[in-house]
Amino acid sequence: MKRNKYYRAFRFWLDELGRRFHFIKLLQNISREKYDEKLSAAVLYGILSAIAINFFYQPGHVYSAGATGLAQILQAQLANHLGVNLQLSLIYYAINIPLMILAWYQIGQKFTILTFITVSFSSLFMEWIPDLTLTADPIINALFGGVLMGLGIGLALRANISSGGMDVLILTIRKRTGRQVGNLSLALNGGIILLAGLSFGWTYAFYSLVTLFVSTRVTDLVFTKQRKMQAMIVTSCPERVIKEIHAKLERGVTILNDAEGAYEHERKAVLITINHYPGRIP
């Protein structure tokens with residue numbers, strides 16, 4: 001009797017959670033969109049990023065960009081000033097939790113679930129793969145770490161998944177302000193590199209710039225080409241269409257008002273949006 005009571009309570013809680021957050025529907029949608037490919041890319045990103053961090057960045061005192069670099073700086077500051085030695089994977093995960101909450105409400109639920117899976121794999125592999133010093137040369141560490149990190153990010157992008165971290169913040173700011181992704185990325189990553197320079201010396205900021213440049217170039221090589229598709233939509237309900245474009249495509253929209261239908265002379269709006277999607281080299 002008592003067991004049935006707990007079972008009914010558990011079922012009620014599970015059904016309510018599923019109804020409120022649409023988990024079942026979201027997972028079904030993800031599975032229809034090459035779930036195995038996305039999961040494999042998330043695992044590969046986790047392995048490659050963890051090797052880059054544990055084999056090259058940490059031993060060479062090279063600070064990555066994004067949430068990883070911020071986690072490295074926080075770990076070093078806590079150890080140096082407070083004597084608190086926290087695991088990098090734990091700090092990295094803690095940084096991503098509020099960003100995942102932000103993504104859930106501002107970007108999209110499917111995007112958040114896939115990003116959460118990728119971040120979880122990255123944190124797990126950071127913990128499971130042991131630290132190993134292959135060389136003490138910071139330039140070599142910056143170069144090889146950048147290659148591996150860029151490879152992991154490129155594979156994730158080709159599978160249309162995000163590695164989390166500052167990507168969430170950049171997409172949220174772009175959605176609200178319409179600013180270019182490149183400029184936002186440069187500003188945020190530049191701020192992290194500046195923080196590394198102020199905290200540990202400008203030599204380390206230089207190494208971080210080297211690894212950022214290398215990882216960006218490798219990402220471009222892996223994520224080889226990006227096709228653009230422009231869509232022009234004529235509608236009498238522009239606000240509803242814009243809301244769906246923001247929610248599902250996460251793209252900006254240009255509005256041309258005062259259009260008129262030729263048949264019924266109804267006032268309409270013209271919406272123009274450009275969707276970027278990856279293409280593979282044949």
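1. Let's begin with the contacts. In this predicted model, 75% of the contacts between residues at least 6 apart in sequence join residues at least 24 apart. The chain is built from 11 helices and three strands, and their order along the sequence is α-α-α-α-α-α-α-α-α-α-β-α-β-β.

2. Of the 282 residues, 40% count as buried. The accessible surface of the protein comes to about 16700 Å², and carbon and sulfur atoms account for 62% of that area.

3. Now to the helices, starting with helix 4 and helix 5. Helix 4 covers residues 66-82, while helix 5 covers residues 88-106. Their axes come within 9 Å and cross at roughly 125°, which makes the two helices oblique to each other. The crossing is right-handed. On the helix 4 side, the contact is made by Ala67, Thr68, Leu70, Ala71, Gln72, Leu74, Gln75 and Leu78; helix 5 contributes Leu88, Ile91, Tyr92, Ile95 and Asn96. By type, these residues divide into nine nonpolar, four polar and no charged.

4. Gln72 deserves a look of its own. This glutamine sits in helix 4 and takes part in the contact with helix 5. Is Gln72 buried or exposed? Gln72 has a relative accessible area of 2%, so the residue counts as buried, the cut-off being under 20%. Leaving out residues up to four places away in sequence, Gln72 touches Tyr57, Gln58, Val62, Tyr63, Ser64 and Leu88.

5. His61 lies in the loop between helix 3 (35-60) and helix 4. Phi of His61 is near 55°, a positive value in a residue other than glycine. Why does that deserve a remark? Most residues other than glycine have a negative phi. As for the side of the model that faces solvent, His61 counts as partly exposed, at 44% relative accessibility.

6. Helix 3 also holds Ser40. At 42% relative accessibility, Ser40 counts as partly exposed. The C-alpha atoms of Ser40 and Ala156 are separated by 9.1 Å, although the two residues are 116 apart along the chain.

7. Next come helix 5 and helix 6, the latter spanning residues 109-128. How do their axes cross? The angle is roughly 180°, and the axes come within 10 Å; the two helices are therefore roughly antiparallel to each other. Helix 5 brings Leu88, Ser89, Tyr92, Tyr93, Asn96, Met100, Ala103 and Trp104 to this contact. Among the partners from helix 6 are Phe111, Ile113, Phe116, Val119, Ser122 and Met126. The residues of the contact divide into 11 nonpolar, eight polar and one charged.

8. Which residues does Ser122 meet, leaving aside its neighbours within four places in sequence? They are Tyr45, Gly46, Ser49 and Tyr92.

9. Helix 5 has a further partner in helix 8 (residues 166-177). Here the axes come within 9 Å and cross at roughly 35°, in a left-handed crossing. Leu99, Met100, Leu102, Ala103 and Gln106 in helix 5 meet Val168, Leu169, Thr172, Lys175 and Arg176 in helix 8. This contact divides into six nonpolar, two polar and two charged residues.

10. To finish, a look at Leu102, which lies in helix 5. Is Leu102 buried or partly exposed? With a relative accessible area of 27%, Leu102 is partly exposed. Not counting residues up to four places away in sequence, Leu102 touches Ile107, Val168, Leu169 and Thr172. The C-alpha atoms of Leu102 and Thr172 are separated by 8.1 Å, and the two residues are 70 apart along the chain.

Methods. Residues numbered from 1 in each chain as written. Predicted model: local features only at pLDDT ≥ 70, side-chain atom pairs only at ≥ 80, totals over all residues. Heavy atoms only, no water. Helix = DSSP H or I, 4+ residues; strand = E, 2+ residues; numbered from the N terminus. Buried < 20%, exposed > 50% of the residue type's maximum accessible area, 1.4 Å probe, protein only. Contact = heavy atoms within 4.5 Å. Areas by Shrake-Rupley, 256 points an atom, 1.4 Å probe, with all protein chains shown as cover. Axes fitted to C-alpha atoms, helices over the stretch in contact; angles between N-to-C directions. Parallel < 35°, antiparallel > 145°, perpendicular 65-115°, else oblique. Left-handed = near helix turned anticlockwise from the far one by under 90°. Nonpolar A, V, L, I, M, F, W, Y, C, P; charged D, E, K, R; others polar.
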